[in-house]
Amino acid sequence: MPKFLFDCGNTCIKFALYDEANGLSDHQFLDYAALPTFIPQLFEAYPKPDNIKIASVTQKERLHLLVEILKENTDLEPVIATSQASALGVTNTYYEPKALGVDRWLALIAAWDLYHKSSLVIDLGTALTVDHLTAEGEFEGGMILPGIKSLRDALIKDTAIRDITDLPYTSELGHNTSLCISSGIHYAIVGSVLALYQTLPHIEAIVLSGGRAEWLKSILTPVLPPNTQFYVHKHLVLEGLVRFEEA
């Protein structure tokens, strides 16, 4: 029997199907406004799931909407994932373990379960999060920075700069304002990760997730040591959600 998985982010919901034969499949991204139509179609298209799991960092109202629509279509009680003090060999050293964003926690337990290596687990979405896993599986803390859109929007909001051309983010130094901003965002991200990397004990792996994971790999590879191992998992949070078990 399949499992239905929902990763409720700040911008949209990511849905995936999971079964033991095929693993994660049928990834879909949808707006919250599409839920009343999408959920009934989901139960028509697939066999009844034996489990529904939800990870949410979005507004409580949106999570409530998802749960209510699910209840209209099934008697299954969805499991709402939360951050834990420990799971799957990972120890959460946050001052208040439950206060850690559940998306970060799920990415951490997935990264450890997959690789068992000292790692930086990096996700670039609305925010850029970088979290440190030791070789013993301890989450030693991390950092949160604005994501690409937030960096770009801050310049528009707090300066007189307008009409910024949407360009690829590049290491090339700019010769007009748009190119300078693109270069600045590139180096803000690269420099932040590199600076943290250089302060930590030996890091064996960089585990990247999110829609820009491949781009992150391309900009970090030239600045990190050549023996650094990169792993790209676009849906790392969903990988963690599959593994999540209530304490």
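This is a predicted model: local features need pLDDT of at least 70, side-chain atom pairs count only at pLDDT 80 or more; totals for chains, interfaces and linings use all residues.

User: Is the crossing of α4 and α5 left-handed or right-handed?
Analyst: The crossing of these two helices, α4 and α5, is right-handed.

User: Which residues of α4 and α5 meet there?
Analyst: From α4 there are Ile148, Leu151, Arg152 and Leu155, and they meet Ile181, Ile185, Ala188 and Ile189 of α5. Sorted by class, the contact of α4 with α5 has 7 nonpolar residues, no polar ones and 1 charged.

User: Changing topic, how many helices and strands does the chain have?
Analyst: The secondary structure of the protein chain comes to 7 helices and 12 strands. Its radius of gyration is 19 Å, close to the 18 Å that the globule rule gives for 247 residues, so the chain is as compact as a globular protein of that length. Along the principal axes, the C-alpha atoms fill a box of roughly 60 × 45 × 35 Å.

User: What is the strand order in the open sheet of 5 strands?
Analyst: That open sheet runs β3-β2-β1-β4-β5, with mixed pairing, and its edge strands are β3 (23-30) and β5 (79-80), each of which pairs on one side only. Helix α1 (residues 35-45) packs on this sheet, where it touches β1, β2, β3 and β4 (51-56), and its direction makes about 160° with that of β1. Helix α7 (residues 236-243) also packs on the sheet, touching β1, β2, β3 and β4, with its direction at about 130° to that of β1.

User: And in what sense do β1 and β2 pair?
Analyst: Strand β1 (residues 3-8) pairs with β2 (residues 13-19) in the antiparallel sense, over 6 bridges, and Cys8 stands opposite Ile13 in β2.

User: Which strands stand at the edges of the other sheet?
Analyst: The open sheet of 7 strands has the order β6-β7-β10-β9-β8-β11-β12, again with mixed pairing. Strands β6 (86-87) and β12 (229-232) stand at its edges with a single partner strand each, so one side of each is left without a neighbour in the sheet. Strands β9 (residues 127-133) and β10 (residues 138-146) pair in the antiparallel sense over 6 bridges, with Thr129 opposite Ile144 in β10.

Notes
Residues are numbered from 1 along each chain as its sequence is written. Side-chain values use heavy atoms; hydrogens and water are left out. Two strands pair if DSSP finds at least two bridges between them. Helices (H or I, at least four residues) and strands (E, at least two) are DSSP runs, numbered from the N terminus. Contact means heavy atoms within 4.5 Å. Axes are lines fitted to C-alpha atoms, for helices over the stretch in contact, and angles run from 0 to 180 degrees between N-to-C directions. A crossing is left-handed if the near helix is turned anticlockwise from the far one by less than a right angle, and right-handed if clockwise. Ala, Val, Leu, Ile, Met, Phe, Trp, Tyr, Cys and Pro count as nonpolar, Asp, Glu, Lys and Arg as charged, and the others, Gly among them, as polar. The radius of gyration is taken over C-alpha atoms; the globule rule is 2.2 Å times the number of residues to the power 0.38.
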